[in-house]
Amino acid sequence: FLVAAGIRDAQFPDRVIQQMLRELVDKVRNSQGDEMISEARAGGLTTPLRKVMKDVIKTYNDPAALDKTTEVREKVDQLKGIMQDNVK
């Protein structure tokens, strides 16, 4: 049994973070196997796991690239800023 938890910035929607955590758990299971995971010690992050975590974090660094809703919201916010500047 493997559990993943995290703290997120407000710019990252829940659905994107949940997807990231699921992917992280799957990749950890595939790279380490259940036996190695069950024998892991607290604070004992191995080099292969560190690489898996870095790769997943790098993939999810830009939420707009992975989530169309976030991408659209960012574009709307940019447009609002332009419109507000035009009104001034």
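Which side chains meet Arg 8 and Asp 14 in a salt bridge, and at what N to O distance do they pair up? The side chains of Arg 8 and Asp 14 meet each other, at 2.8 Å from N to O. A salt bridge here is a side-chain nitrogen of Lys or Arg within 4 Å of a carboxyl oxygen of Asp or Glu. This is a predicted model, where local features need pLDDT of at least 70, side-chain atom pairs count only at pLDDT 80 or more, and totals for chains, interfaces and linings use all residues. Residues are numbered from 1 along each chain as its sequence is written, and side-chain values use heavy atoms, with hydrogens and water left out.

By that rule, the count of salt bridges comes to three. Side chains of opposite charge can pair when their charged atoms come close. As for surface exposure, buried means under 20% relative accessible area, exposed over 50%, and partly exposed in between (1.4 Å probe, protein chains only). Arg 8 is partly exposed at 38%, and Asp 14 is partly exposed at 44%.

Next come the pairs within helices (DSSP runs of H or I, at least four residues, numbered from the N terminus). In helix α1, residues 14-38, Glu 23 and Lys 27 sit four residues apart, about one turn of the helix. Their side chains form a salt bridge at 3.3 Å, N to O. Glu 23 is partly exposed at 22%, and Lys 27 is partly exposed at 35%.

Helix α2, residues 47-59, holds Asp 55 and Lys 51, four residues apart, or about one turn. Their salt bridge spans 2.9 Å, N to O. Asp 55 is partly exposed at 32%, while Lys 51 counts as exposed at 52%.

Key:
Helices (H or I, at least four residues) and strands (E, at least two) are DSSP runs, numbered from the N terminus.
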